[in-house]
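Student: Could you help me learn to read this structure, one feature at a time?
Tutor: Gladly; have a look at it here, and then ask away.

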Amino acid sequence: MKGFRPALRREWADLVGSPLVQAQLLWLPVAGIALLWVIFFRGVAVDIPVAVIDEDRTSLSRQLVRMIDATPGLNVSEQSGSVPEARDAVWRGDVEAIVLVPRDFSNDLKRGLQSEFVAWYNAQFLLTGNTIARELQLAGLTFSATVEARGRLARGETPEAVAINVMPLSTRRDTLYNPQLNYVPFLLNGLAFALLQMFAMLAAVRVVGRELREGTAGAWLESADGRTFSAVLAKLILPTVAYVLIGVAWLAALHGWLGWPMNGSWPLVLGGVLLLVLAYETLGLLTVAVTANYRFASSVAAFITAPAFAFCGLTYPLEAMPDIARIWGSIQPLTAFIRMYLDQAVGGATVAASSWQVVFPALVVAVGMVIAVPLLGWRARHPEYWGSR
Amino acid sequence: MKAFWVGFCEVFRRVFTDFGVGLIMVGAITIYSLYYPLPYLPQVAKEMPIAVVDLDQSSFSRQLIRWIDAHENVRISLRATQPGEAAKALASGEVGGYLVIPAGLRADVLRGRRAVIAYGGDSSRLIVLKQVVSGMAEAAGTLSAGVEVRRMLATGQGQEQALVAQGPVTPRLHPLFNTREGYGAYLIPAVFILILQQTLVLGVGMMLGTESERNRSRPERRGDTRCELARFVGHCAGLVSLYAAHAVFFVGFGFWLFDVPRYGELPAVAVFLVPFLIASVLFAHLVGGLCRRRETSIHVLLFTSIPILFLTGFAWPMHLMPVAVQWLARLIPSTAGVQGLLRLDQMGADFSHVGHWWWNLWALCILFAWPAWHNWRSAMCGRSGSEPNA
């Protein structure tokens, strides 16, 4: 393509000469993903501290406390004397829940009555709260089954009969892919691509926006022999290569090094990474072309990409959002990518089932470029649009 | 004193005359605070679609399905004839979970054999999974404990049998503070605090970047240090006042609008906000001062919002992060801000419970004061040295 090579040489020189550009293309996104990784590296919420108030003080109540302590999620870190004392510990953040074993706990059990223990957990920190509730429920079930089985065995029932009678109708929970609810493959992965889309859109705004603002847009077009398409393409090559490589390296680490399975099509997922980056770069170009103002286009990019993760349906389901949020979420390329990635990596969906999630960003790229490239060419040829900020 | 008021008024002049700065420090705050919480308006995800595969087709299995459909968390949107069909619907995201009732369930229960129903969901979407699984488990548990099973199993053990089905020990679980366990009530307060800090970082970065560019062509013109310092203090006081107004807007209007529970006493919240806002303003000068051009702050610092949000420990418990990361978190005002303000305002804690976070913020003020002043001065009064191509 004519004009492409000299224009690319101009970009390369800019990259080599500026540590800031190098940071934006490589070090900042890598540092961002690495920091998130270090934050979430444990993956599963374990050893959440809870306070126990044991008013019963019998071997049975101590056994219950040991069972709570033995769940992977919880750690009995305090034995409190009273509820107010334990509540202070929750407010200070020393513990996240209070478990109270009431005075008649073992007496009721021995007399064959229904017995209970009470727990209050901090639901403001919702994620730990959910884990606590799940683990306490589990500890209660296990404890019940132990007590019940012991009683029946003592009365001379056979172990087989005990197994049936303790739980006549039981349920088996299958969670696909990620039975421990590890946060690395789903939350951290989503955040990594949320960072990449942010960098991709800002990079496109920056590479073209700066030429307009500095009044060098003419020189930029000249370096590509006046061919707008070659000039734009040369601008996008370096950020595209950098961000796609970072995305691919992240996926390789996740599925290769950490060993999470990829149940679907690798080529589709990798193509999806490329389309994600290209789609946000296109949106960036479009924003600069329409506003012709580097600073304003940067703000628009921030407005679109910074909250995109909240709207992508990963943490809070799209189906449960109000219509306006759901529509806004579904037109974001990040949402399509996340959906496609989960369907492929987790669900092992067919390529056909994910076709819309690939076609949609491709459409964004195609339609966006058809509008953005000629408009940018026109802006770059008219100095009256230069220098806005 | 005159220099103080010059600095103070300068903030407002800039916010109202420089459209770029105003857009971040007034516009973005208003817009984000209304736009970011939008997905979470319903607070709790209800009526998640699930698939049911009834291989038993008995009165008992139909009863179970009716009970599950009646649960508020789930809605049966697909009645499949084979497990494969349900798995396909799950993979395509059409349903968030599934339930398989095995053939012969009723017969098993009647004969006193252990019967197993399998349920599950897509664990890659945690909130959906939680709603689906707890809905189905509760319905199945109720049925297991309920009249049907007991009647079928009754072999004359009466009262005791009923207790067996329920399990002799039940935990009574009570969520504290965010009692509806709403997703919005959990996320919105933390995000609002982050928005305060991050718009300060971006806005101050734009202010200092613009000044830095403007002064590049001019010779260094440093004036009287005391006068400059008074102007800087005034400048910071102006920013703190502006952001105090934003904080009032969030606590008074935003929390009300999005139905976030508040238990805090306003004086305590205000006393806590003071060092948070001062520390955030100084932090903004510390990092924003690195920007030598007007637009650099958005391009270089925007992405930090995501890691910084998780460093606050509101979502992922801090004790699970490596110690070095916990220390890094304490060096950012939003961590102490989120930990302290959420406890005071959303959890109704006493000021003494969050005292160490309050001191953490004052320590940051001391730590950041000199670098912030240095960065402000070199941007406003010209700097010597090389100019990176930013």
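Student: Is His235(B) buried or exposed?
Tutor: Buried means under 20% relative accessible area, exposed over 50%, and partly exposed in between, using a 1.4 Å probe and protein chains only. His235(B) has 4% relative accessibility, so it counts as buried. This is a predicted model, where local features need pLDDT of at least 70 and side-chain atom pairs count only at pLDDT 80 or more, while totals for chains, interfaces and linings use all residues. Residues are numbered from 1 along each chain as its sequence is written, chains are lettered from A and ligands numbered from 1 in the order in which they are written, and side-chain values use heavy atoms, with hydrogens and water left out.

Student: Where does His235(B) sit, and which residues does His235(B) touch?
Tutor: Helices (H or I, at least four residues) and strands (E, at least two) are DSSP runs, numbered from the N terminus. His235(B) belongs to helix 10 of chain B, residues 225–257. Contact means heavy atoms within 4.5 Å. Leaving aside residues up to four places away in sequence, His235(B) touches Gly7(B), Phe8(B), Val11(B), Met207(B), His285(B) and Trp376(B).

Student: How many helices and strands does chain B have?
Tutor: Chain B has 16 helices and 5 strands. Of its 390 residues, 62% are buried.

Student: How do I describe two packed helices?
Tutor: You give the angle between their axes and the distance between the axes. Axes are lines fitted to C-alpha atoms, for helices over the stretch in contact, and angles run from 0 to 180 degrees between N-to-C directions. In chain A, helix 14 (residues 333–345) and helix 15 (residues 355–381) pack at about 155°, with axes 9 Å apart. That makes helix 14 of chain A roughly antiparallel to helix 15 of chain A (angles under 35 degrees count as roughly parallel, over 145 as roughly antiparallel, 65 to 115 as roughly perpendicular and the rest as oblique). Among the residues making the contact are Pro333(A) and Met340(A) of helix 14 and Phe360(A) of helix 15.

Student: What about strands: which way do strand 3 and strand 4 of chain A run?
Tutor: Two strands pair if DSSP finds at least two bridges between them. Strand 3 (residues 97–101) and strand 4 of chain A run antiparallel, joined by 4 bridges. Leu100(A) stands opposite Val118(A) of strand 4.

Student: Why is strand 4 of chain A largely enclosed?
Tutor: Strand 4 of chain A (residues 115–122) has 6 of its 8 residues buried, so it is largely enclosed by the rest of the structure.
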